[in-house]
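The sequence and structure are shown first.

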Amino acid sequence: MLLSLSRDIVLPVPHGSTWSQTDTDAFLQRARNAGVSKIGFLRHGKTAPTPENGVDFDRQLTDVGKEQAAAAGKSFGKDLLPFHDTLLASPAPRTMDTAQIFLDSSGGNASEVRIQPVPSLYDRTMQPEGSRLFRKLGYAPLNDYVTNESEDDRESSRKVLGSYAHFATKSILETLVTSENGSSTGNNLKGKVLWVVGHAIYLPATALSVALLAGCDESSTDKILSTSTKEAEGFLVDLYQSRVAILSRQHD
């Protein structure tokens, strides 16, 4: 059975968790059965402004954004092989293209990975409140949202981001369940990396949710809470070692 995830889950306050030990044990067992030892979270590359049609969904990667996605694959991507055979991505062109360029640049078995568009990973699914918060706080670290001095903004951030993290975590779990009849790594700590490509500020919220499920300690969750995710960068949650690493492109 799938984990029982509450529709009303609220993003945990710093150093707190809404996940029970049963949730954690079940999630980690699903990951082990699916041969997944790490989950990577990648933000899309630099994107052009909203086009004349006014539709945010249609925004495209710029040439710089394409270069960033390729650099991500050539820097940390190739070092994290092998990848799980499914990559989850927001269906927006900027995330789908980032995912494809990242895979093309990573080498190894990345060419065999199937990109699965997941509608709930598109950040506009959390509108209009998500847009209001973003206009006010912008690309600030997650901590600025969930501990905001404004009680209304703080509580709204936790609900909006928590709802997004709920659906994204559920998509990750469903992918693990679908894959668990495949190759199992057992105690092999190398395992495979399952990638999720999405949007700031929602991507860190999902990374935090998974980090808490993986039993990561305060120092690890602080990395997610305090980091403003840059274009074509993100986080890596090690499920077996219960720790978080920041994924950074190699800059000139």
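At what angle do the axes of helix 1 and helix 7 cross? The axes of helix 1 (residues 21–33) and helix 7 cross at roughly 100 degrees and come within 8 Å; axes are lines fitted to C-alpha atoms, for helices over the stretch in contact, and angles run from 0 to 180 degrees between N-to-C directions. Helix 1 is therefore roughly perpendicular to helix 7, a term covering angles of 65 to 115 degrees. Helix 1 contributes D23, T24, F27 and L28 to the contact, and helix 7 contributes V210, L212 and L213, where contact means heavy atoms within 4.5 Å.

The model is predicted: local features need pLDDT of at least 70, side-chain atom pairs count only at pLDDT 80 or more, and totals for chains, interfaces and linings use all residues. Residues are numbered from 1 along each chain as its sequence is written, and side-chain values use heavy atoms, with hydrogens and water left out.

The chain contains 8 helices and 6 strands. Helices (H or I, at least four residues) and strands (E, at least two) are DSSP runs, numbered from the N terminus. Their order from the N terminus is α-β-α-β-α-β-α-α-α-β-α-α-β-β. Of the 252 residues, 56% are buried, that is, under 20% relative accessible area, with exposed meaning over 50% and partly exposed in between (1.4 Å probe, protein chains only).

Strand 1 (residues 36–43) has 8 of its 8 residues buried, so it is largely enclosed by the rest of the structure. Its two pairings are tabulated below; two strands pair if DSSP finds at least two bridges between them.

| Partner of strand 1 | Sense | Bridges |
|---|---|---|
| Strand 4 (residues 192–198) | parallel | 7 bridges |
| Strand 5 (residues 234–238) | antiparallel | 5 bridges |

V36 has K192 of strand 4 as its bridge partner, while G40 stands opposite L236 in strand 5.

Helix 4 (residues 129–137) has G130, S131 and L133 buried. Seen down the helix axis, the buried residues of helix 4 fall within an arc of 165 degrees, so they line one face of the helix; the arc is that of the directions from the helix axis to the C-beta atoms. R135 and K136 are exposed on the other side of helix 4. The cover over the buried residues of helix 4 includes helix 5 (142–146), helix 6 (151–179) and helix 7 (202–213). G138, which follows helix 4, has a positive phi near 65 degrees.

Terms used
Angles under 35 degrees count as roughly parallel, over 145 as roughly antiparallel, 65 to 115 as roughly perpendicular and the rest as oblique.
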